[in-house]
Each structure stands twice: as structure tokens, then as C-alpha cells.
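Dear colleague,

Please keep it open while you read, and look up each residue as it comes.

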Amino acid sequence: MPALTHYLVLSALLFCLGLFAVVTRRNGVAILMGIELMLNAANVNLVAFNKFAAPGAMQGQVFALIVITLAACEAAVGLALVLAAYRSLETVYVDEINVMKW
Amino acid sequence: MLTHIAWIIPLLPLAAFALIVFWGERLPARGSAVSIAAIVLAALAGLGVLGEALGGARADLTYTWVVVGSRPLTVGFVVDPLSATMLAMVGVVASLITIYSVGYMQGDPRFPRFFAYLSLFQFSMLFLVLADNFLFIYMAWELVGLCSYLLIGFWFERPSAARAAVKAFVVTRIGDFAMMIGILLLFLRIGSLRFDDIFRAIDLGGIGGPTLTLAALLVFGGAVGKSAQVPLHVWLPDAMEGPTPVSALIHAATMVAAGVYLVARTYPLFLLSPNHAALTVVAYVGGVTALFAATMGVVEDDIKRVLAYSTVSQLGYMMLGLGMLGYSAGMFHLITHAFFKALLFLGAGSVIHVVATNDMKRMGGLARAMPVTFWTFLAATLALTGIPPFAGFFSKDAVLAAAYAHDKILWLLGMAGAFVTAFYMGRLCWYTFAGEFRGEVPAAHGAPGGALHESPAVMTVPLVILALFAVFLGWVGAGALGNPFERFVHFERVAPAPESPGMLAVATAVALAGWVAAGAVYAWKIVSASGLRRACPWAYRLLVRKYYVDDLYAIVFLGLGALVIRAARAFDQYVVDGLVNALGWLARQLGLGLRYVQTGRAETYLLIVFLGVVLIVLVRLAW
Amino acid sequence: MSGEAIAFYVLAAVTLGSGVVVVTSPNVVHSAVALVPTFLGVTGIYVLLSAEFVAVIQVLIYAGAITVLILFVIMLTEGGTGIRARQRNEQGAIGAAVAAAMAGLLIAVAVRTPWARLPGTLPTYTPGAIGQSFLGPNLLVFEGTSVVLLVSLVGAIVIARKEE
Amino acid sequence: MPWWLELIRAIVGTIILFTGVAVVAAMFGVLLERKISGWMQSRLGPKHVGPQGLLQTLADTLKLLQKENIVPHRADRAIFATAVIVVPLAALLDYVVIPFGTTRWGPLIFRDLNVGVVYFAATSSLVVVGILMAGWGSNNKYALLGGLRSAAQMVSYEIPMGLSLITVALMAGSLSTVTIVNAQAGLWYIVAQPVAFLVFLTAATAEVNRVPFDLVEAESELVAGYFSEYSGMRFALFQLGEYGEMFAMAGMAVTLFLGGWRGPVLPPVLWFVIKLYALIFVFMWVRWTYPRFRIDQLLNFSWKVLIPVSLLNLVATAFVVMVMHR
């Protein structure tokens, strides 16, 4: 029977995979993917805690759903930004999107 | 009444200074009226204070200014016979000189500024006189030094004036530095800067022995610098680059006398040093200076420089008097000297104003053209040379009597100085006023037609008033009248030296001998001046080169000093600058390295954030 | 080893394995496609955690919508052109180190903390409980999320719209 | 046995069973399509293979199995190959929650999930991923365009479809498909919710990329859309997925609106199949009746007509349900 710790370890690993992607990827879309992985890891934590720490309350699942909703918002806006940036700068590589730095 | 509000007196010139600085050109008479009004008022008040002091009024106002650690730093003003006398003297002399300046400085483009400086100086000097503690004295000391610097360099377009100003400032600064150390030493040992506290501490044995001697000598260092005593006398002759009223006021009557006043003010310091060691030093410095400076005056052709050497010499007499326990004698000489030396300078200024040159060789026969100037100048000269019954006779002989009573060698030095003084003053008078005019009449200052003429009344009236002082002031200290000055200004623990008629006769004879010798050379041409020069060329050369003191200083400070300076420069360039450059280089390299952190990219910042998280947790765990 | 443990390890392997592909693949399209098994693995984890409503929403939103959106944007921006471009920036090594250290820390915390457990049992019918929770104690959060959703909808349209 | 293990078993069982069933159904569907289109166009359709051409699709399938699997030059092989699996797999996952009938031991369903309707929406949306993969993996601009159109279209039509699903769930008070079918004991929801039914049917048509929403594979524009480059067995798998999806959609429509297995006299399973094929027939009927939409008309139709209509319908239903519960 996997215990809470199992899920937490899985979530930690998933989170760090996402972190790695966010920190090292050049492509804006790939960075968004990393963020999604991190959010998923957080959700795993929420749901796991819901089951193992406070089964009576539904807060964990409720907040996981909210996080999913916000993740959808974030993906929509983020991808719109990438699209807009690509349209005006013709690149999706965030280190090349630097006109505001001058 | 006035005694207790005497502290207001210095503020009058200060107000004048502020007014002139801000509204100079727009004030009546381009600011001079304000300046004159302020100082005349101050002089009247000073005379009033003197009158009250004669009536026995005393005041000592003390305030606690700040508390340094646990020691209260008190400041205040003192009115006693000494300061009252000085107050009146400074006020009167300064008033007359300020009035005279209106004529002398007429047409100068920086006319208001001159009066502003003059007022500032008057404030500083009055402030100095009234101070009852070392702190105020030192502040005023530096202020008069600053004014001296500004006024010597008033015509700063002339490189010589600018150089002289810097020289005066730097040379006096050497003395000031010693004085500051002395003051700090006293403060450290006694914990107060107030004269009364210090004297009481000395009496109680709070400080004594070599330390007291050292402190006294250090304070005396300031006096040596300010009063142009050997070996720091070199700045005063050069200071004659300033306008003549400045020479009269600052470099004859008041500021240079401040050194003497300081010694008198802090007399217990010197008196109580073991075996009178400090007083002896004061006496010898004064005695040597008296003769030494006088001899240099013999070969000088610049009329103001002759008077400057004379001033140095007379200041030496004052120091000699103080050093030989002649407290009253020294101070009396200070007062009389202030009047007749101011008169001499103003007379010289009157001459210079007309002939537009300082060179005596290009003057002559001015007695006919400028009678007022001549007669007043002559009176002052007689006073200076100690011919009875003029003022200098009484004061100088009191000093010499004090010297005779304690140290025959110094007495001999003083007598020799008196002879030389009479000689060079006779030379000056004959060169300037007798014979034929040897120069050419300048168009600028001459009346229409280019004839030599007397100076305007605004200049001659102060001359006449000063001449009255030069002639009659001496009786104030006449032994025949019971010496009222000494009864008023004296130091309880020293008895006045006895005066003998024989000594007076000898002194008078020596002075007359000086006159006769001068007359023999310059009036009746029994011995030609050039012949004298040829007879002992080394002596002449020695005197012309001012005993090589300036050259010595040049070698020591400019030659030897240059090595030090070069070393310091190298140190500055390679060590200090190198350090600074190294810091700059380090910062630059750091920046060059760190700019890779400042990428402007969120990924990097996020990475650093998480790196920070990891590090913080690791550090926390390591504890 | 129980069936649940087997299922957990299989799902964890699927999740992390495809997650590694997502993170490391030099081809962004591969990364995006690998997101699907990752999300489905997480879905399985939710199922194991008795959160079936969260699980189906996960499939619906993540696997169905977000992945499609991501693929869509990739194809609209790079299409087939950017595959050979450098995908990793210069902080790859340090990023890997930091991520690894972070993982170590999190795992250490997860393992060493004695997690408390509150009394209570999971409702058998979770969608109902979630609905009660949303429209009951969490109503404000629900409404706030709705507003954010609306705002981001409008925002995304405005940002992505072609300039006229 | 924990319920999650049952679920996994149900899914695995569905896939294993319906791979067989769906292959047959798809083959039969293709034949049906050809026969119906022939009938509508006043021609005969396939006739020579087997009696009345009944074995035509079998022959076609055998032919496809023998053909070479062509992979385009510089195609993304991994994705190209995976896409073929994803599409039919996603279609097959739909069948987990569709009840085919009822027996003495209970409803004939792989797993009566208490989130069944949402599950259906979730799994049917997975097909898009496969289509996008296929379109991109082919390294072909027609395929890519087809994939993109498909993504836009399916994402758009998922919303009205989800809304109509919610409306029905609201009526039944449950997300479970079995409960929904049981709730239609008195009245089929096609009567109570005609608007939702029409929206669902329209969205389902779009979801399975059928005419008039077949822009994905618009033969005249994009050759064959995202599976232009697929041949042989892979092409067959796409056909399988498409028909599987169509059958799933029809089955869901039956479950939600046509009372599921319910019906007089005949056994429930038969009732279900009858209703299913009736809907299939409607799909095909529509196919040969309406011309194809333009892409902008397609999206506008979804966003500006279907979504507002279904939203209004949802609000109205919610209001009615609330009043009735009082």
C-alpha cells in the first residue's frame, strides 16, 4: 500500500522535472510545459494530503480543481503571449525576446 | 553696565560684514559707511568698557556649550583690565584705519569687499580679545589668520601678493599647529579650556613640571607664528604686499600683537613652569628677534618692508618684556606700539598713495609737499626710536629695565636693537622726506599738473589723531607719574622692575647715537653708504639675504621637502591610487562577473531563487 | 506487493518517464506529445487516491485541452522549422544540479516529516462532496476563479488577436 | 477488490473486447455507409464481393493489411507511428461508460462510473491529440493543416457537447450513465431536452469529423487531411478509430436522450442496437444531404450559435429543475 510519502516523493520528482524545464528551456512553450508539470506535482500533493491527512475535508480536491482551472487560464494567456511574441518578433525563444531590455 | 554686554561689541563688525557681503555695492558709500559705523560704535563701546574697567568693573560670562564625554565645554567672555585695554586699543586703531582706508582704497574695483574683510577681521580680533577660553581664542586665532590671508592677497592679480598670502598662511599655520597641540594637551590633562580653570589647576598642581613647560612652549609656538618671531618671522615682510591699511591694522597694530596678548593672557602658564623655563624661552626669542629683525631693516629699500622688520623687532621687545617678568612693560609697549606703528604705516601709505612706489630710493624731499604726513610720521618715528618724551620712550625703557633687572645679555641685545632701530628709522626718514625728489610723479594719483601734494583729509585726520596718541600716550606709563598703566594692567605675582634715571639716560643716549650715525651716513654724508657696503661686503650680503633664513627654508622645505613630497607623491600614485584603482578594478571585474546574473531573464532569476532555497536549507541543516 | 503498490509504481514510472521526455527532448513536439502520458499517469495517481472527479477533469482539461493548445501553438509558431534550434539555454548544468538538490530536499522533507492525520473518512461520492464544498464554504474561491477564468479568456483573445 | 482496480480491469477489458467488436462494427459501418450512400444516390454500391457485396469491407481490410506501410521522407517516425494508436484507443476508451443493456445481474456496462458523463467528454477529447500528432508527424502541409483544423474544430465543439451533457446530468441528478438511463424510465430526454439533443448531435457530428463538418479530411481541399500519408494497416486503424468514435457518440446519444436500452417487448440489448443504428443512419443521411461548411462558418457556428443556445438551455433547465425540487 503506497503511503503518503510515496505520493510526496513522486510529486517532488515531478516538480523538479518541471523546475528543470522552466530553468533550462529556451522555448517559451516548453517553459509553459514545465510549469504545467510543476502544477501537476502540486496537485498530486493536494490530493494526496486530502486522502491521507484530512479525509473528511474535500479541500485538497477542491483546490486541485481550482489549480487545474487556473492552469488552464495560465496556459491560455501564456500561449497567447507566445503567439503574440512570435508574430511580432518571429521567435519563441525567450532569451531572444529581449527588446525591452534595451 | 557695558561691561556685562561687552560680548555685543564684536558682533557689530560681524553684522557689518554680513551686510556688506550681501549688499556691498548698494550700501551707502559702497559699504564703507557701514563698516565705519560698526567699528566706531565698537570703539566707543570699547572705550566705555575701558572706563568702567578703570572704575573697577569686571565681568566673566561663562556658558556650557557642549558636554564632551563627561567634561562640560564652557565658553565665555572675560572683561578685565587686560582685555578692556586691548578692546579700547583695537577699537580706536581700527576705527582710524578704517576711516583712512576710504581714502586709500578709493577707486579700487573690489572696494566693498575690502571693507567686508576689514569688518570680518575686526570682529575676529575683538572676539579674540574678549575670549576667556582656548576654544574661542583658537577660533578667533584662525579667523584673524584667514582675514590676514584674504587681505594680504587682496590684490591677488599680482603673483607676489598671492604668494605672500599663501606664505603668511602656511608659516603661521606651523605655529597654529603647535598651539593646537598645546591646547589639546591642556584639555587632556585638565579637562577644561577655560583660562581660569586651567590656572586654578596649575596652582593646585594638576599639571606641572615638564608637561607644563611643554604645553606653554606649544602655546607660545602659536604666538611665535602670529607675532612673526624668529624663526617664523619670514612671512611678515612679504605680507606687505597687502594694502597699506591692512599692513597698519593687521600686521602692525593688532593681529601680530595677538601673539603677545596670548602670552599675557596665559601668563600663569609661563610663569609657573619650572625655573621660569618657558618665560626664559619667550625672553630669548623676543630678544634675539628684536636685534635680528632690526639689522635686516637697515639694508631694506622698500619703505613698508623696513617698517615690517621694525614691527618684528618691536614685537620681539614685547616678548622680551613679558619674558623678563615685565608683564606691564610688555603690554604697555604693545599698546603704544600699536598706535605709533599704525601711524608709521599709515604715513608710509600716504606717501605711497602719492608717489605710487614703495622704493625709498625713488622718494625724497616729501617733507615740503606733504607736511602733515611728514610731521606725524616724524612724531611716530621719534616714538619708535625711544626719544623722550614720546610714547615709545616710556614703554621701550620699561622693557629694557625689566631686562636689565634679570638678564644682562638680553639687555645688551635690546640696547643694540635700540641703536639699530634709531639708525634704520633715521635712514628711512632722510631717504623719504629730505633732499630732492628722485622719482617721477605718477599721473594716476597726482593732482592735475602732476605736482606732489598732500593726501586727502580722510587720510590725514586719522594720522593726526594717531600722532596725538604717539606723542602723549607714553605718559600713561611714566614712572614719574606713578605709572598709572601698571597700576591698572599688572600681574599680581610679578613685581615691576625698578627704573633708574641712569638707565633712562643710557637708553636715550643709545637712541640718539643711532640717529647721529644715520645722519652721518645719509644726511651729512661723512661716511658714504656704498663705502660701508664695500668695507664689509659679507655683512651686507648677509643682511640683504636676510640671514639666509628664506634660503634655508627653501633648501630645507623645498629641496629636502621635495624629496619627501616626491616620496609622498609616489606613495599617493602607486599605493593610494593603486589601492583605489584596485578597488575600481575589483568592482569592475565583480560587475563583469555579476552581469551574467543580471540577465533580465526569468529563468535565471528563478534558478537563483531555487538555488537560494537550496542553500538556505543546507545552511540551516548544517547548523 | 499489493496490486495498489504495483499500480502506483507503474503509474509513477509512466509519469516520470514521460516527464523526463517532456523535459529533455530536443524536439518540442515530442515534449508536448509526451505530456499526454504524463498527465494520464497523474490521472491514474488521482484514481489511486480515490479522487475520480479530479482525475476525469485532469483528463478533460490537461490531456484534452491544454496539450492540444500547446501542440497547436507549437505548430502555429515553429511548425516543422525549429526542430534543429538549440532548445537548452546555457544554464543547463547548474539548472540540473539545482533541480536535483531541490528534489533531494523535498524528498528528505517528505520522508522525515511525521505527517499528521485528522480523523474522518473520504466520501464515497466525491463529485457531490466537491460540489457541496464549492457552493458552500469555498464559494468565494469558486467565484474568484470564475472571474480569473473570464479575465484570462478575454485577455488571451486580446493578446493573440492579429493587429488590424 | 478495490474499485480502482475494477476500473483498470474495465478499461483493459473494454479495449480487448471492443478491439474485436469495433473492428467488426467499423467494417460493417463502412459497408453500411457505402450501401446507404449508394441508395441515396440511386445506385447500388458494392455488390460483387460476397452476397450483395457484404464481404466488400472484409476484402478491403485484407487488401489494406497486405499493403506496405509507407512512411514519408523526413517524417517524425515516432509520432507518425504513435498517432495511429492514439486515435482508436481514445475512441475505445469511450465505451467504458456506455451501458448496452440490462440483465438479471445488473446493467450491461463495463463500469458504471459515478463521473461517467465527464469521463466520456474527457476521453473523446483525447482523439484530438492523436489527430494533431498524425498531422504533424506526416511532414506534409496538407496533413498539418488538417490536423490544425481538427484541433480547432474539436476544441470548439467540445464545449457545446459538454454543456448538453451537463444539462442531461442536471435533469437526472447524476453523472452516472446507468442512473441517467434509469431516470428516463418515464420520459426520454429527447422529449424533455430537444435542444440539448440537437446540440449534442451536431457537436458529435463535428467531433467525429463527418460531413458537413469534415473539414479535417476535406478530400477536395486537403486530399485526406491528417491521414493523407497513412496507408495500409495504419489507414485501417484510423478508419477504425473514426467509426469507433462515431459508434461511441451514437451510443452516448442513445444513452442520454433515447432512453438507452429501454424499450418494450424486445430485449434491452436489441433495443440499444436498434436505436444505435438508427442514429448511425441519421449520421449518414446527413452526410449525403448537406454540403461542407467553410472553416470560419464552422467555428462561428459553434461559438456564436451552439454555445449560446446550449448555455441558455442549461440555465433554463437548471431553473426548471430547481422549481420542481421545491
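B:Lys167 is partly exposed, since its relative accessible area is 22%, and in this predicted model its side chain meets that of B:Asp238 in a salt bridge, with 2.6 Å from N to O. Because B:Asp238 lies in helix α9 of chain B and B:Lys167 in helix α6 of chain B, the pair ties together parts that are 71 residues apart in sequence. Is B:Asp238 buried or exposed? With a relative accessibility of 16%, B:Asp238 counts as buried, because the cut-off for that class is under 20%.

The partner of B:Arg158 is B:Glu241, and the closest N and O atoms of the two are 3.0 Å apart.

B:Asp301 counts as partly exposed at 24% relative accessibility, whereas B:Arg427, at 4%, counts as buried.

Salt bridges can also join up into a network, and one such network links B:Asp60, B:Asp132, B:Arg194, B:Asp196, B:Asp197 and B:Arg200. Over all chains, the count comes to 19 salt bridges. As a general point, side chains of opposite charge can pair when their charged atoms come close.

Chain B also contains a hairpin, which is formed by β1(B) and β2(B) with 2 residues between them. The two strands, β1 (residues 59–68) and β2 (residues 71–79) of chain B, run antiparallel and are joined by 9 bridges. One residue of β2(B), B:Pro72, is the bridge partner of B:Val67, and in the turn B:Gly69 has a positive phi of about 60°.

Which residues does B:Val458 touch, if those up to four places away in sequence are not counted? They are B:Ile99, B:Tyr100, B:Val102 and B:Gly103. Although B:Val458 and B:Ile99 are 359 residues apart along the chain, their C-alpha atoms are separated by 6.6 Å. B:Val458 is found in helix α20 (residues 457–472) of chain B, and at 28% relative accessibility it counts as partly exposed.

Turning to chain A, its elements run α-α-α from the N terminus on, with 3 helices and 0 strands in total. Buried residues make up 63% of its 102 residues.

Chain A meets chain C in an interface where 69 residues of chain A are in contact with 84 residues of chain C. Between them the two chains bury about 6,800 Å², of which 75% is on carbon and sulfur atoms. A:Phe20, A:Arg25 and A:Met33 supply 10% of the area that chain A buries there, more than any other three residues. The interface has 0 salt bridges, but 11 residue pairs are in polar contact. On the side of chain A that touches chain C, α3(A) gives the most, with 24 residues, and the residues of this side divide into 52 nonpolar, 11 polar and 6 charged.

C:Thr145 is buried, with a relative accessible area of 11%, and its side chain reaches the backbone oxygen of C:Val141 at 2.6 Å.

Finally, chain C and chain D bury about 2,400 Å² between them, 81% of it on carbon and sulfur atoms. Here too there are 0 salt bridges, and 1 residue pair is in polar contact.

With best wishes

Notes: Residues numbered from 1 in each chain as written. Chains lettered and ligands numbered in written order. Predicted model: local features only at pLDDT ≥ 70, side-chain atom pairs only at ≥ 80, totals over all residues. Heavy atoms only, no water. Contact = heavy atoms within 4.5 Å. Buried area = accessible area lost by both parts, 1.4 Å probe. Salt bridge = Lys/Arg side-chain N within 4 Å of Asp/Glu carboxyl O. Polar contact = N/O pair within 3.5 Å; in protein donor to acceptor, adjacent residues only side chain to side chain. Helix = DSSP H or I, 4+ residues; strand = E, 2+ residues; numbered from the N terminus. Nonpolar A, V, L, I, M, F, W, Y, C, P; charged D, E, K, R; others polar. Pairing = 2+ DSSP bridges. Buried < 20%, exposed > 50% of the residue type's maximum accessible area, 1.4 Å probe, protein only.
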